[in-house]
Amino acid sequence: MPVKGLGEYDPQNVFAKILRGDIPSKRVYEDEWALAFQDINPQAPIHVLVIPKGAYISLADFTAKATDAEIAGFYRAVGKVAKELELEDPGYRVLTNMGVHAGQEVPHFHVHLFGGGYLGPMLQISGR
Ligand code: 5GP
């Protein structure tokens, strides 16, 4: 069920539970700013989710409210994960869904990191 990506943060969302260690995940990277773990339903040979440690619902929320240090730390972590997974050559894709039109389902900001093979066209729009 897509979420708005705006409003109150729900500390019971599934990624908040993963951050707290209340439910298991296959972690691939962690530092002060971010946690990365394998997506439960991978859409590419490598599909990792990178989430900030802070409580932000979406990219809109994160970019409006996070400190410069959190934003820099988070995006540096995304780059580090890709490097550690040896995706820099031949490349990877980073994607964020924000809100209903993008189909965001989990209301804790995250980026999808895809790689491990040719990823096809950038975007598919159903019904067109
Ligand atoms: P969104 O649509 O919000 O951008 O993406 C949410 C992603 O979270 C989906 O790719 C989905 O497979 C993944 N996901 C949902 N629940 C879990 C979970 O419990 N564990 C993990 N590892 N991934 C999850």
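The legends below describe close-up views of a predicted model and its ligand. Local features need pLDDT of at least 70 and side-chain atom pairs count only at pLDDT 80 or more, whereas totals for chains, interfaces and linings use all residues. Residues are numbered from 1 along each chain as its sequence is written, and side-chain values use heavy atoms, with hydrogens and water left out.

**View 1. The shell of residues around the ligand.** The ligand has 16 residues around it, of which Q38, D39, N97, E105 and H112 come nearest; a residue is near a molecule if one of its heavy atoms lies within 4 Å of it. By class, the shell holds seven nonpolar, seven polar and two charged residues, where Ala, Val, Leu, Ile, Met, Phe, Trp, Tyr, Cys and Pro count as nonpolar, Asp, Glu, Lys and Arg as charged, and the others, Gly among them, as polar.

View 2. An oxygen atom of the ligand lies 3.0 Å from a backbone N or O atom of V106, and an N or O atom in the side chain of H110 is 2.9 Å from an oxygen atom of the ligand. Taken alone, the ligand exposes 530 Å², of which the protein buries 82%; accessible areas come from the Shrake-Rupley method with a 1.4 Å probe, and for residues only the protein chains shown count as cover. The elements giving two or more residues to the shell are α1 (14-20) and β2 (34-38), as defined by DSSP runs (helices H or I, at least four residues; strands E, at least two; numbered from the N terminus). The most is given by α1, with three residues.

**View 3. Q104 in the loop between β4 (93-95) and β5.** Q104 is buried, with a relative accessible area of 1% (buried means under 20%, exposed over 50%, partly exposed in between, with a 1.4 Å probe and protein chains only). The side chain of Q104 reaches the backbone oxygen of I57 at 2.9 Å, and a polar atom of that side chain lies 3.0 Å from the backbone oxygen of V106.

**View 4. R93 in strand β4.** R93 counts as partly exposed, at 23% relative accessibility. The C-alpha atoms of R93 and G115 are separated by 6.5 Å, although these residues are 22 residues apart along the chain.

Technical notes
A polar contact is a pair of N or O atoms within 3.5 Å; within protein, one must be able to donate a hydrogen and the other to accept it, and residues adjacent in sequence count only if both atoms are side-chain atoms.
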